[in-house]
Amino acid sequence: MDFLRPTTWEEALAAKAEQPEAVPIQGGTDVMVEINFDVRRPPALLDLNQVAELREWSLEDGTYRVGAGVPYVRIIEELGGPLPGLAQASRTVGSPQIRNRGSVGGNLGAASPAGDSHPPLLAADAVVEVESRARGVRMIPASGFYLGVKRSALQPDELIRAFHHKPATGPQYFSKVGTRNAMVIAVCSFAVALHPDERRVGTGIGSAAPTPRRAVEAEEFLRAELDWDAPLAPALLRRFAELCSQAASPIDDVRGTAGYRRHAIGVMARRTLTWAWNDYLGRRAA
């Protein structure tokens, strides 16, 4: 197995162009586990941890551009205010050691349905910046990034450079069900983001379908029925939860049954929307 270790982004793109089968490592918290258990044996590893550019973030034209190598701990500590949903999800990732090494870019690269960062990225309409040496930069909306179980829209010669995330204009919440309280892969997860300026609500579902996904019908229902000047009607809340449950297409596995996951998605949808709405009304009243 070859081990490639570029120190600049240009070197990384060149290495990926020359060996498209090389598997990128950005933290290695997923890839190394698969290698250690002989689940995966790639011909080459492309270590991106030395590419300093990937560990930087900036605010450009009102949108945060966060490098693929910015670890979860920095998202929590430095971006928790403008990106609250993603910061909440980041707090649930693994152990402190993993949060210091793992990154959203690595989570995107793995494209696991259970990845904790995916639901808040979907709810907030994040965009993934990818690049190849031959074709340059592509911007892929999070809603179009996930194609199947651990499959993404990345082409063989492309690498994830950053993700783009607008600062929250309203409350955002993330909820996760696991078999214990820490260091656990999600049985299922859910994110909600209020966008008051646009009078709409974004959603994200994790670990309850072949890919992370939005509850599109639930979003459209709220866009049509939600009164942004009133408390949540119980009937509206129940219907939103039902539509979120219906958006999932879970399976039975060792962590939970399909029926349990579908039920839990509805519960989390109801709770997160309630939390977000109470925050929204509280901010207006303050």
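Val-66 in β5 is the bridge partner of Trp-57. The model is predicted. The strand that holds Val-66 is β5, which covers residues 63-67. Its partner is strand β4, residues 57-60. The two pair in the antiparallel sense, over four bridges. Together β4 and β5 form a hairpin. Two residues lie between the strands. In that turn sits Asp-61, with a positive phi of about 55 degrees.

Stay with Val-66 for a moment. Is Val-66 buried or exposed? The relative accessible area of Val-66 is 1%. Buried means under 20%, so Val-66 counts as buried.

Now turn to another valine. Val-33 is found in helix α2, which covers residues 31-36. The relative accessible area of Val-33 is 44%. That value falls between the 20% and 50% limits, so Val-33 is partly exposed. Val-33 forms a nonpolar patch on the surface with Phe-37 and Val-39. Together these three residues have about 340 Å² of accessible area.

Val-66, in strand β5, is buried. Val-33, in helix α2, is partly exposed.

Terms used
Residues numbered from 1 in each chain as written. Predicted model: local features only at pLDDT ≥ 70, side-chain atom pairs only at ≥ 80, totals over all residues. Heavy atoms only, no water. Patch = residues over 30% accessible without salt bridge, like charges linked within 9 Å, V, L, I, M, F, W, Y side chains within 5 Å. Areas by Shrake-Rupley, 256 points an atom, 1.4 Å probe, with all protein chains shown as cover. Salt bridge = Lys/Arg side-chain N within 4 Å of Asp/Glu carboxyl O. Buried < 20%, exposed > 50% of the residue type's maximum accessible area, 1.4 Å probe, protein only. Pairing = 2+ DSSP bridges.
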